[in-house]
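This report looks at how two chains meet and at what lies inside them. Please keep the sequence and the 3D view open while reading.

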Amino acid sequence: MAIFNLTVNGNSKQVDVDPNTPMLWVLRDHLDLVGTKFGCGIAQCGACTIHMDGAAVRSCQLPVSAAEGVKITTIEGISEKGDHPVQKAWVEHDVPQCGYCQAGQIMSAVALLKDNPSPSDEDIDNAMNGNICRCGTYTRIKAAIKTASQNV
Amino acid sequence: MQNQFSNLSRRSFLKSSALAGGGLLLSFSWLAGCKPNTEELLTLPEEWFRMNGYIRIGDNGVITIMSPNPEGGQNIKTSMPMIVAEELDADWSKVIVEQAPLDTENFTRQFIGGSQAIRVGWTPLRTAGATARLLLMQAAAKSWNVPVSEIKTENGFLNHQSSNKKAHYGELASLAATLPIPEEVTLKNPSDFKLIGTSKKNVDVPKIITGKPLFGIDYKKEGMKIAMIIQPPAFGMKLKSFDASQAKRMPGIVDIFQVKSLQDDYKRTFFDTVQFTDLIAVVGNSTWEVMNAKKAVELEYELMESYEEKRDMFGREGSRFVPGGLESDDSQEQKMQEASKNARVQRKDGDPETAFARASQIIERTYTAPFLVHNCMEPMNFFAHVNGDKVHCAGPLQKPELTEQALSNRLGIPVENIEIEMTRLGGGYGRRSYAHWLIEAAVISQKVNAPIKLIYTREDDMTAGIYRSRYQITYRAALDENNDLIGFHINGGGLPENPLHPNRFPAGAVENYLVEGWEVPSNVTTGSFRAPRSNFNASAEQSFLDEVAEAAGKDPLEFRIELLKKAKAKPIGENNDYDPDRYIGVLELVKNKSDWGKQENGISRGVSAYFCHNSYAAQVMDLKVENGQVAIQKVITAVDCGIVVNPDAAKNLCEGAVIDGIGTAMFGEQTFEKGVPKNKNFDTYRMIRMKEAPKKIETYFVENNVDPTGLGEPAYPPVFAALANSLYQATGKRIYNQPFSKQISF
Ligand code: FES
Ligand code: FES
């Protein structure tokens with residue numbers, strides 16, 4: 001166990017955990033931020049996607065020891081009122097079915113649009129390739145990303 | 001208009017009105033029609049008045065509608081309350097939707113399964129709305145001293161024109177709540193629907209997109225511990241001994257012990273399927289610590305003996321032979337081949353033998369499909385707190401009512417002392433009907449005497465069983481010299497489940513018809529999987545009919561219509577389980593919307609149609625194969641599911657069915673090596689991803705006033721064959737075995 005000082009959604013947080021603990025479980029079990037989801041634990045599904053200094057990373061693969069000194073953003077922190085253009089587009093297209101994968105999808109989409117505000121279909125396919133949706137909402141996700149790209 | 005007995009008992013009414021609660025629940029809920037901005041929430045009422053189990057009306061006119069069934073992505077948490085609101089004439093923008101807990105007194109059939117929520121809920125939900133509306137009208141009549149027949153309702157208001165009186169529902173709710181429940185109410189004529197048939201946004205989306213706790217895996221309670229289980233590595237094995245002395249000393253570990261989920265002498269019911277009942281439980285303070293300790297437990301397993309499992313199948317005595325031994329793909333296949341030679345007749349019309357003897361052309365093809373894993377994105381989990389003789393559970397499950405019985409039996413605690421809260425399901429698809437993990441969670445909680453949340457890792461989830469069965473069907477078709485289909489022979493079965501629906505199309509359309517089925521016992525546990533059995537039948541049958549049409553020199557879509565017309569004009573045999581007109585209806589619709597017959601350069605198209613869960617669906621798929629890579633351009637789906645409650649949500653569900661169907665057909669597969677499931681996580685169990693999804697999906701509904709039928713499943717089964725048939729057009733190769741990716745790169 002060791003103490004780690006983290007910056008999550010702009011707030012300073014301190015946790016006392018095993019250095020190998022993935023950020024996924026630090027967020028969910030220790031910081032009460034359960035929006036970031038567990039899907040596979042091996043970087044295959046994207047449900048756990050968060051931002052590290054703005055870039056999308058799989059939090060199941062990010063040990064807490066590597067998360068100090070960077071800015072961590074989770075689904076709870078991308079906007080104050082749930083009104084980020086990507087979130088708004090998600091509402092407009094009524095994207096979710098079961099909804100479980102959607103936090104991860106949104107985090108990947110936000111990171112994509114930050115780097116590439118007007119992505120092509122292929123850019124979207126590539127950026128979203130790490131996010132599985134078992135319910136099959138891919139066409140709506142893509143449409144929502146295009147709508148959001150007009151408003152970022 | 002339709003008169004309906006309200007069936008809402010005075011007793012349950014009195015009991016519920018006594019429960020009329022304050023605004024406490026509001027903080028967890030968003031208004032149905034609301035955007036995710038808190039300031040847009042309406043002011044809370046000071047007092048709530050309970051009209052019945054479904055409806056509470058606040059003194060300020062805000063209405064809470066309970067959604068009775070669990071929500072797993074079918075969007076019933078929006079569409080079921082819409083049905084209530086329609087008959088209530090409520091203002092949807094002032095409706096708050098709440099998930100009801102398991103409550104058998106106020107609600108019926110709180111299930112997910114068989115695409116039945118809307119179909120079965122249709123009349124009760126409408127009646128609940130209409131009853132509350134009538135109570136409000138009676139209250140208005142009483143206080144305004146006018147005849148009830150002169151009162152009109154609209155958008156949450158009552159009015160009486162000639163006396164110029166008007167009031168919102170909240171103003172009369174307190175009086176309405178004291179009136180006796182009417183015995184009979186009149187339901188609207190569907191042509192008067194205002195809300196049903198309009199698209200309303202999913203009421204949970206604001207929470208989903210902001211990461212609010214909604215799912216079982218998010219559930220937390222003061223003092224809660226995390227638990228995980230260790231199950232045997234192979235089907236056919238069971239726990240012999242274990243040594244956790246080292247693992248117990250690891251940081252954050254509370255205890256490690258052996259648990260028995262279902263007792264050996266327990267008479268299981270239909271959904272009590274689980275192979276591994278002797279497990280190791282690891283309980284600790286945090287998920288990561290428990291995951292690590294799990295790996296440090298030393299385990300020894302032994303071979304399991306064969307046994308006979310007795311079951312209560314909804315009142316019918318059932319039994320299942322569970323063979324010992326470690327099964328592998330080859331050994332399973334061999335047994336399936338043997339069993340197919342000893343099939344039993346499930347349906348016979350005319351004289352199939354003679355028909356085949358005089359055929360001028362016989363086509364015979366065999367189709368196979370492997371075990372499938374449900375792979376809900378939210379791994380299995382459940383919260384349980386067994387506190388003396390009281391039980392509180394919360395989490396995602398499809399059949400709470402049935403699980404409650406099993407739980408009561410296992411713990412020896414009466415059902416009245418068990419409370420089950422239903423959280424949103426991160427996918428179900430049948431998997432969460434088999435709630436052994438809820439029993440496991442409760443047994444673990446009882447043992448450690450603390451609230452616990454049981455979580456399966458993805459590996460636990462993928463190797464725990466309850467798969468879709470392994471199937472095989474051989475079809476034979478006899479064509480005469482005029483290319484008329486004169487004989488049809490189906491020989492099909494599965495390990496362990498037989499997939500056949502002997503009375504479905506093309507039964508009824510062919511003079512000489514033979515259906516033979518078989519089963520092979522297995523110790524691999526299986527269960528319902530989105531559109532059970534239909535998911536394979538449709539893929540095999542609709543691929544085969546395509547080939548028969550070709551052999552007969554006919555257009556595949558017209559060939560299906562021709563057969564259906566025959567079945568309509570002169571149905572062969574008895575118990576034919578479909579309506580040819582509605583079947584033809586979806587084929588005509590998809591033909592029209594796809595401009596069937598039009599040739600586009602480089603585009604290959606295939607068609608498929610199926611009937612299941614009381615609804616009809618047809619698809620046309622357009623794809624290209626470039627440099628050996630498949631690219632799906634467009635899928636058009638036509639569905640007849642009667643009245644569509646929430647069209648955009650219904651389309652979403654059908655789009656999902658299309659993508660899920662393509663993914664499963666291409667990649668879905670679980671296989672075994674000496675009892676060990678080969679795929680344990682998404683690195684080897686391939687799932688469809690965005691780039692493989694169709695570029696465009698269009699969905700159309702047949703417009704009619706038939707009471708709603710299923711929608712969660714019907715659009716799924718035909719997709720497989722639409723894909724196989726369009727791939728054939730593109731490559732000239734027929735595909736007989738799933739997953740298709742073994743034969744074509746995708
Ligand atoms: S949980 Fe991290 S990628 Fe699946
Ligand atoms: S919405 Fe269910 S997994 Fe994506």
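## Basis and terms

A salt bridge here is a side-chain nitrogen of Lys or Arg within 4 Å of a carboxyl oxygen of Asp or Glu, and six salt bridges are counted between chain B and chain A. The model is a predicted one, in which local features need pLDDT of at least 70 and side-chain atom pairs count only at pLDDT 80 or more, whereas totals for chains, interfaces and linings use all residues. Residues are numbered from 1 along each chain as its sequence is written, chains are lettered from A and ligands numbered from 1 in the order in which they are written, and side-chain values use heavy atoms, with hydrogens and water left out.

## Where chain B meets chain A

With contact taken as heavy atoms within 4.5 Å, 61 residues of chain B touch 53 residues of chain A. Among the salt bridges is the one that B:Glu655 forms with A:Arg140, whose closest N and O atoms are 2.8 Å apart.

On the side of chain B that touches chain A, the elements giving two or more residues are α5 (205–208), α7 (287–296), α12 (458–463) and α16 (647–667) of chain B; helices are DSSP runs (H or I, at least four residues) and strands likewise (E, at least two), numbered from the N terminus. The most comes from α16(B), which gives eight residues.

## The nonpolar cores

A nonpolar core is a set of buried Ala, Val, Leu, Ile, Met, Phe, Trp, Tyr and Cys residues joined through side-chain atoms within 4.5 Å, where buried means under 20% relative accessible area, exposed over 50% and partly exposed in between (1.4 Å probe, protein chains only). The largest such core has 158 residues, of which A:Trp90, B:Ile444, B:Ile662 and B:Leu723 touch the most other members. To this core α16(B) again gives the most, with 10 residues.

Beyond its neighbours within four places in sequence, B:Ile662 is in contact with residues including B:Met621, B:Ile632, B:Leu723 and B:Phe746. A second, separate core of 51 residues includes B:Trp92, B:Ile151, B:Ala176 and B:Leu195.

B:Phe382 lies in strand β20 (residues 381–387) of chain B and is buried, with a relative accessible area of 0%. B:Phe382 and B:Tyr219 are 163 residues apart in sequence, yet their C-alpha atoms are 8.5 Å apart in space.

B:Glu98, in strand β5 (residues 95–99) of chain B, is also buried, with a relative accessible area of 9%. From B:Thr64, B:Glu98 is separated by 34 residues in sequence and by 7.0 Å in space, C-alpha to C-alpha.
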